[in-house]
Amino acid sequence: SSALLLDAVSFVLSFLLVLLLVRHRPVAAEAGTSVRRLAGDFVSGVRTVRRTPALRATALLAWAAAMLLVATDAVALPYAADLGASPVAATALLAATPAGAAMAAIFVARLPLVTQVRLLFPMAILSTVPLMATAVEPDLAAAWVLWFLAGLCQGYAVTVMTLVIILTPEQRRGRVSGVVGAGFNAAAIVTIVGLGALAEATEPAAAVVVAGALGLLALAVLALT
């Protein structure tokens, strides 16, 4: 309950930051909405992504990033439980990848965009290595370091989301961001459910390795195409 309260406070702080720091911009479309308009906007967003090669590739990269980003979330607690870890240690393991990704995002966002783009695939591919290294079934401390390193390499996600905005015509940015965001969330949900089931059927470490291998395969296909 205390953690949920802190989480709620973080949403209030986010609201205040947006309210105080985001510059007001006039809306590009007529105000108001409906189910029909929402569906039309979604279709328009999908069409824009599909018909723009660079944007389509960036969206696919964002969805692959989602799979890698949550790979450890699905198995951290059972992995720690198998090692007899305390609840605090298990929670720390659960936070390893997001902590690394958050720290890296702060650094990556300050680099010139051209440099960020050049680092996209090297960072993405490197992020799969610590996941696959989990095959050795490291102890809790080593697993934390590996997953934190995986998170550090996933700092490229901030570049991907920036590119989605830059590559989209201004009047369609809301629609495209919605489509890409929906795909990101869907990829994350499927990954968590799938890896959770795989961890129950096999071992938590095996599920992380599979996620890393599938992520590497997806990235290789994207890099080649």
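Biologist: What makes the radius of gyration of the chain agree with that of a compact globule?

Modeller: This is a predicted model, and its chain has 225 residues. A compact globule with 225 residues would have a radius of gyration near 17 Å, and the chain has 19 Å, which agrees. The C-alpha atoms fill a box of roughly 55 × 45 × 35 Å along the principal axes.

Biologist: How many helices and how many strands does the chain have?

Modeller: The chain has ten helices and zero strands. From the N terminus on, the elements run α-α-α-α-α-α-α-α-α-α.

Biologist: Why is helix 5 called roughly parallel to helix 7?

Modeller: Helix 5, residues 87-108, and helix 7, residues 140-153, pack at an angle of about 25°. Angles under 35 degrees count as roughly parallel, so helix 5 is roughly parallel to helix 7. Their axes are 6 Å apart, and helix 5 passes helix 7 in a right-handed crossing.

Biologist: Which residues make that contact between helix 5 and helix 7?

Modeller: On helix 5 they include Ala 89, Ala 92, Leu 93, Thr 97, Gly 100 and Met 103. On helix 7 they include Trp 144, Trp 147, Phe 148 and Gly 151. By class, the contact has 14 nonpolar, three polar and no charged residues.

Biologist: What makes helix 3 roughly antiparallel to helix 8?

Modeller: The axes of helix 3, residues 53-69, and helix 8, residues 157-166, cross at roughly 150°. Angles over 145 degrees count as roughly antiparallel, so helix 3 is roughly antiparallel to helix 8. The two axes come within 9 Å. Helix 3 passes helix 8 in a left-handed crossing.

Biologist: Which residues of helix 3 and helix 8 make the contact, and how do they divide by class?

Modeller: Leu 55, Thr 58, Leu 61 and Ala 62 come from helix 3, and Val 160, Met 161, Leu 163 and Val 164 from helix 8. They divide into seven nonpolar, one polar and no charged.

Biologist: How many of the residues count as buried?

Modeller: Of the 225 residues of the chain, 32% count as buried. A residue is buried if its relative accessible area is under 20%.

Biologist: What share of the contacts with a separation of 6 or more joins residues 24 or more positions apart?

Modeller: Such residues account for 80% of those contacts in the chain.

Methods:
Residues are numbered from 1 along each chain as its sequence is written. This is a predicted model: local features need pLDDT of at least 70, side-chain atom pairs count only at pLDDT 80 or more; totals for chains, interfaces and linings use all residues. Side-chain values use heavy atoms; hydrogens and water are left out. Axes are lines fitted to C-alpha atoms, for helices over the stretch in contact, and angles run from 0 to 180 degrees between N-to-C directions. Helices (H or I, at least four residues) and strands (E, at least two) are DSSP runs, numbered from the N terminus. Angles under 35 degrees count as roughly parallel, over 145 as roughly antiparallel, 65 to 115 as roughly perpendicular and the rest as oblique. A crossing is left-handed if the near helix is turned anticlockwise from the far one by less than a right angle, and right-handed if clockwise. Contact means heavy atoms within 4.5 Å. Ala, Val, Leu, Ile, Met, Phe, Trp, Tyr, Cys and Pro count as nonpolar, Asp, Glu, Lys and Arg as charged, and the others, Gly among them, as polar. The radius of gyration is taken over C-alpha atoms; the globule rule is 2.2 Å times the number of residues to the power 0.38. Buried means under 20% relative accessible area, exposed over 50%, partly exposed in between (1.4 Å probe, protein chains only).
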